[in-house]
Amino acid sequence: MKIEYLKTVLAVAQLRSLKRAAAQIPCSCSTVTKQIQAVEEELQTELFVRYAHNRDVVLTEAGVRGLEYIQSIVSQYDKLERAVKPRASMSKTNITMSVDGNLMGSVAISNLLSECYQAHPEYQITIFREDYVHGKELLRAGKRDVMLGMWHQWEGDSREYALEGDLAGVYIGTVPVSVVAGKQNPRITKDSYTLWELKTEKFLFGISLSDMHKEKQMDSSYQVNGNFLKACMMRDFVPSIEKVDVLIQDTNLADIKAALLVKNKGVSLAVLPAGLRDNDRLKYAVISDMPYHIRYDLIYRRDRGEAEIKVLGEFIRTLLA
């Protein structure tokens with residue numbers, strides 16, 4: 001049983017709320033729930049009563065009896081850590097990471113940070129949302145330590161991520177493309193759809209259909225929007241596209257689209273692993289015949305040490321499982 005899980009139990013018991021505990025730790029609500037469930041499964045008893053009509057939780061009789069012991073265990077562990085852990089090893093390694101804010105929203109970023117904090121408390125990660133081109137420039141200038149690269153890999157295409165000589169990458173894994181909609185959207189009800197089944201849906205993108213056609217002509221795996229149009233046209237239809245009005249420098253497109261999806265203004269694409277996209281206002285369905293998947297790499301400068309990058313890569317790989 002991990003000590004972090006017991007600390008989560010204490011936070012929930014003190015605050016009587018999963019949400020407030022998540023904000024205090026900090027981590028996502030789903031992480032709090034998973035950790036509580038792990039403790040309950042190991043102890044083979046429920047520690048909290050969850051009420052359907054509100055988000056408050058209270059301790060069960062077993063939880064009340066066990067709370068004193070949990071407090072004692074956590075307290076003794078903190079004393080042990082302070083007594084024996086070398087001061088130098090308690091310092092954190094600061095890492096700055098660039099992510100594409102058009103693809104990764106606030107919820108996903110929060111989940112990534114909280115999961116990393118739980119798995120690797122020795123790292124202090126700061127995430128910046130910026131587009132791919134700007135992220136690479138900052139990486140080269142030494143203003144970012146690492147960038148989370150995401151690109152489309154078509155079926156049968158074995159090409160590697162094309163990186164310039166001063167940049168290197170650690171391969172993480174791949175994720176299937178899904179359609180995402182608001183929880184109350186009555187048109188998305190299954191766990192899986194074909195592209196043809198989605199041909200009448202209105203897709204929200206940051207560019208217009210005409211600009212998508214221009215991107216498609218470039219025929220590059222790195223063109224997110226043009227690749228989607230190409231995939232649809234391979235299925236003999238042109239998708240209905242509505243351009244989301246954003247400023248050209250705006251890297252919060254993912255959040256803007258999420259707000260529109262909640263209001264059932266259309267559907268969009270999800271290219272994040274399930275472990276990061278925990279948003280209780282949205283629902284997801286895999287596009288079963290999408291001719292490409294999303295490949296993830298951690299990109300860094302070759303003159304930087306690889307040890308921390310490899311650790312981060314292994315950690316993020318667990319989220320793709």
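Which residue forms a salt bridge with R129, and how far apart are the closest N and O atoms? I began my notebook with this pair, and I found that the partner of R129 is D255, with 3.0 Å between the closest N and O atoms. I took a salt bridge to be a side-chain nitrogen of Lys or Arg within 4 Å of a carboxyl oxygen of Asp or Glu. R129 sits in strand β4 (residues 123–129) and D255 in helix α10 (residues 253–262), so I noted a link between distant parts of the chain, 126 residues apart. Helices here are DSSP runs of H or I with at least four residues, strands are runs of E with at least two, and both are numbered from the N terminus. D255 is partly exposed, at a relative accessible area of 26%; buried means under 20%, exposed over 50%, and partly exposed in between, with a 1.4 Å probe and protein chains only.

Notes on the model: I am reading a predicted model, in which local features need pLDDT of at least 70 and side-chain atom pairs count only at pLDDT 80 or more, while totals for chains, interfaces and linings use all residues. Residues are numbered from 1 along each chain as its sequence is written, and side-chain values use heavy atoms, with hydrogens and water left out.

Other salt bridges: I looked up the count, which comes to eleven by this rule. One of them joins the side chains of R144 and E130, at 2.8 Å from N to O. R144 belongs to the loop between α7 (132–140) and β5 (146–154), whereas E130 belongs to the loop between β4 and α7, and the two are 14 residues apart. I found R144 buried, with a relative accessible area of 11%, and E130 buried as well, at 7%.

I then turned to R140 and D166, whose side chains meet in a salt bridge at 2.8 Å, N to O. With R140 in helix α7 and D166 in the loop between β5 and β6 (167–175), this pair ties together parts that are 26 residues apart in sequence. R140 is partly exposed at 34% relative accessible area, and D166 is partly exposed at 34% too.

Helix pair: I checked helix α6 (residues 106–119) against helix α11 (residues 307–320), and their axes come within 11 Å and cross at roughly 120°. The axes are lines fitted to C-alpha atoms, for helices over the stretch in contact, and the angles run from 0 to 180 degrees between N-to-C directions. I therefore recorded α6 and α11 as oblique to each other, since angles under 35 degrees count as roughly parallel, over 145 as roughly antiparallel, 65 to 115 as roughly perpendicular and the rest as oblique.

Backbone: I noted that most residues other than glycine have a negative phi. Q44, which is not a glycine, has a positive phi of about 55°; Q44 lies in the loop between α3 (29–43) and β1 (48–50) and is exposed at 73% relative accessible area. D236, also not a glycine, has a positive phi of about 70°, is placed in the loop between α9 (224–234) and β10 (240–243), and is exposed at 66%.

Last entry: I looked up K7, which is in helix α1 (residues 3–15) and is partly exposed at 34% relative accessibility.
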